[in-house]
Each structure stands twice: as structure tokens, then as C-alpha cells.
Amino acid sequence: MNDKFHGFFADRYPNMRSRFPGEGRRRWRLRVMEELWLEPETLAEIASAALSSQDTPGDALHENDDDPLDEITDCEELGLVVRTDFSNDDAWNMFISKLQGAEKELLSTIQAEEPTNQGDNDVEVEEAGEADSESDATPDHIIKIIANARNPLFNNISNLTGLRLLNDVGIRLTPSPPTGTKRISPSNRLIDRNNLQEIYSGKTIWIYDRQSNVDESVRLVSQHGDVYGTATGDSWRARASHVPELQFNTSACNMKINFGGLDRWDYPERLRNLKEAEHQQ
């Protein structure tokens with residue numbers, strides 16, 4: 001654990017909770033993080049401590065307050081499909097039909113294999129060192145659908161907004177740049193600022209947007225960057241029929257999607273996130 005980072009949160013978080021009652025845990029944490037990003041000396045101390053100990057600052061886990069959107073995220077499902085475009089109900093219904101059909105088929109396969117193949121893993125995976133552990137029991141559903149057209153909270157949201165609404169913010173050391181690679185300039189908290197990167201933890205988020213009406217795909221949102229230069233909130237698109245299997249393999253099997261170290265994430269969505277990150281609060 002990085003004492004400097006957790007000490008900063010322990011000092012600032014109660015004040016945010018008092019000043020902004022009713023906002024909830026995720027918003028309070030974001031407010032503390034915003035103050036942290038404005039203190040370069042503190043950031044340097046946190047990064048230095050993490051580098052010297054070969055540890056990462058991680059999440060601030062000293063508080064367990066409720067959040068208004070816990071009613072969405074406190075569920076057995078491994079991922080959340082969030083509808084952000086409400087212009088075509090027929091396309092949405094077709095997407096959901098295909099997703100749920102694929103989910104039902106996958107769960108049937110998993111349940112049929114459990115008695116004889118429990119512990120086997122035929123999927124080539126990369127172990128995540130500090131991945132969140134999921135229950136060994138097979139869930140009844142893999143994906144939870146969020147589609148409240150009356151709630152403008154999710155209308156046309158960016159990947160970053162989705163993370164901030166439904167995940168909890170944290171921080172880590174940014175991945176090391178390859179030899180000979182200069183650090184990004186100007187810096188951005190989603191990629192690299194003072195050797196640190198803003199990250200998120202919680203349920204996987206899949207965003208259904210206007211393009212989804214056409215190609216039946218959703219944006220898979222990353223909770224942290226991959227190789228140096230990629231960003232927290234990066235996304236790529238997956239079709240409805242592939243979503244359940246991808247979700248199960250990444251959550252239950254620790255499969256990591258990294259495009260072989262290449263940067264193949266959706267660049268326009270990255271730019272949208274980077275701009276939003278510097279104009280929050």
C-alpha cells in the first residue's frame with residue numbers, strides 16, 4: 001500500500017462527504033482525486049514511493065459509503081450493458097435478443113462442462129496480477145441490461161462518464177514507456193501525469209450507442225490503459241453475440257485483451273475522454 005496516497009484520501013475524503021451530502025461515494029472520491037491531480041508535489045511523492053517499493057498506489061479502500069448507483073452495480077452479473085441511445089427501439093430489441101441468446105447458450109455450455117472439467121481452461125489467457133476474484137459459482141446471468149429511457153443520466157455518455165458513474169476511481173503507476181519513447185506531452189491523467197494514471201474498478205461496462213443501432217455492436221470500456229500511450233476509458237467494439245463470452249473469459253478466466261501490444265483502440269473515443277478528463281468538476 002502507498003501510505004502517502006491513502007493518507008491523502010483519508011485526510012480529504014471526510015471533508016468532501018461533509019461539504020456535498022447526498023452525492024455518494026463515487027462522486028466524493030472523484031472530488032478528492034481532482035484535488036490530488038492539482039498538487040504536483042504530492043503526485044511526485046506518491047509516484048516516488050510507488051517506484052521505490054515496486055508497489056502501485058491502488059484504490060483508496062478506507063471508506064465503504066453507499067452510492068446512489070449501487071442499486072445498479074450491486075448484482076451477480078459480471079458486466080453492464082448501458083443503453084445511451086434511445087432513437088431506435090427495434091434495433092435495441094434485436095441487439096438484446098441476440099445478446100441474451102448468446103448468453104443462454106454460453107451458460108448452458110459452462111454448466112454442462114462443470115462436473116467433469118472444473119478447473120480446466122482451454123482459453124489462452126494472460127494472468128492479471130491483481131485481478132478482482134469472482135465467485136467460483138456460475139451466475140444465472142453474465143450481463144445486466146441498463147436501459148432506462150426516462151433517466152437522462154446515461155444519454156450519449158462518454159466512456160469516461162460511464163466509468164465515473166458506475167465504477168470507483170483509483171490511481172496507479174503508468175505503464176513504462178518503451179526504450180527510446182518520450183513521455184506524452186501535454187500530460188493527461190488518463191495516460192500519464194507525473195508517472196501516474198487515473199484508473200477505475202468495478203463492473204465491466206459495455207456502451208450501446210447510436211452506431212449500435214446499425215452494426216449491433218457495443219463499446220467495451222477499459223478501466224485502465226494497456227501499453228504506454230493507451231488510456232483509461234479506451235474502447236473497442238464487440239458484436240452482441242460475442243459479448244457474453246468475452247465478459248466471462250475476462251472476468252472468470254482473467255483473459256486480457258491487448259491486441260498483441262498494438263494500439264488498436266477507438267481513437268475518437270479516446271480523444272473524447274482525454275478532453276473530458278481535463279474539464280471535469
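How many helices and strands are there in the chain? There are nine helices and seven strands, where helices (H or I, at least four residues) and strands (E, at least two) are DSSP runs, numbered from the N terminus. Before we go further, please keep in mind that this is a predicted model, in which local features need pLDDT of at least 70, side-chain atom pairs count only at pLDDT 80 or more, and totals for chains, interfaces and linings use all residues. Residues are numbered from 1 along each chain as its sequence is written, and side-chain values use heavy atoms, with hydrogens and water left out.

Let us start with the chain as a whole. Of its 281 residues, 47% count as buried; buried means under 20% relative accessible area, exposed over 50%, and partly exposed in between (1.4 Å probe, protein chains only). The accessible surface comes to about 14,400 Å², and 47% of that surface belongs to carbon and sulfur atoms. Such areas come from the Shrake-Rupley method with a 1.4 Å probe, and for residues only the protein chains shown count as cover. If you take the contacts between residues at least 6 apart in sequence, 77% of them join residues at least 24 apart. Contact here means heavy atoms within 4.5 Å.

Now find the sheet. Five strands make up an open sheet with mixed pairing, in the order E2-E1-E5-E6-E7; two strands pair if DSSP finds at least two bridges between them. At the edges are strand E2 (143-146) and strand E7 (235-239), each of which pairs on one side only. From one strand to the next, the twist averages 30°. Angles run from 0 to 180 degrees between N-to-C directions, and axes are lines fitted to C-alpha atoms, for helices over the stretch in contact.

E6 is mostly covered, with five of its five residues buried. E6 pairs with E7 in the antiparallel sense over five bridges. Leu 220 has Trp 236 in E7 as its bridge partner, and Ser 217 has Arg 239 in E7. E5 and E6 also pair in the antiparallel sense, over three bridges, and here Ile 207 is partnered by Arg 219 in E6.

Which helices lie on this sheet? Helix H6 packs on it, touching strand E1 (79-83), E2, strand E5 (204-208), E6 and E7, and its direction makes about 135° with that of E5. Helix H8 (residues 243-252) lies across E1, E2, E5, E6 and E7, running at about 160° to E5.

H6 is mostly covered, as seven of its eight residues are buried. Among these are Leu 160, Gly 162 and Leu 163. H6 (residues 159-166) also packs with helix H9 (residues 267-277), at an angle of about 55° and with the axes 8 Å apart. H6 and H9 are therefore oblique to each other; angles under 35 degrees count as roughly parallel, over 145 as roughly antiparallel, 65 to 115 as roughly perpendicular and the rest as oblique. In this contact, Asn 159, Leu 160, Thr 161 and Arg 164 of H6 meet Glu 269, Asn 273, Glu 276 and Ala 277 of H9. The residues involved divide into two nonpolar, three polar and three charged. For these classes, Ala, Val, Leu, Ile, Met, Phe, Trp, Tyr, Cys and Pro count as nonpolar, Asp, Glu, Lys and Arg as charged, and the others, Gly among them, as polar.

Between H8 and H9 there is a loop, and Ile 257 lies in it. Leaving out residues up to four places away in sequence, Ile 257 touches Leu 220, Trp 236, Leu 246, Thr 250 and Trp 265. Ile 257 and Leu 246 are eleven residues apart in sequence and 9.3 Å apart in space, C-alpha to C-alpha.

Another helix pair is found at H1 (residues 3-19) and H3 (residues 40-53), whose axes come within 8 Å and cross at roughly 140°. That makes H1 oblique to H3. Lys 4, Phe 5 and Phe 8 of H1 make the contact with Thr 42, Glu 45 and Ile 46 of H3. By class, this contact has three nonpolar, one polar and two charged residues.

Finally, look at Gln 197 in strand E4 (residues 196-201). Gln 197 is buried, with a relative accessible area of 0%. Gln 197 and His 224 are 27 residues apart in sequence and 7.9 Å apart in space, C-alpha to C-alpha.
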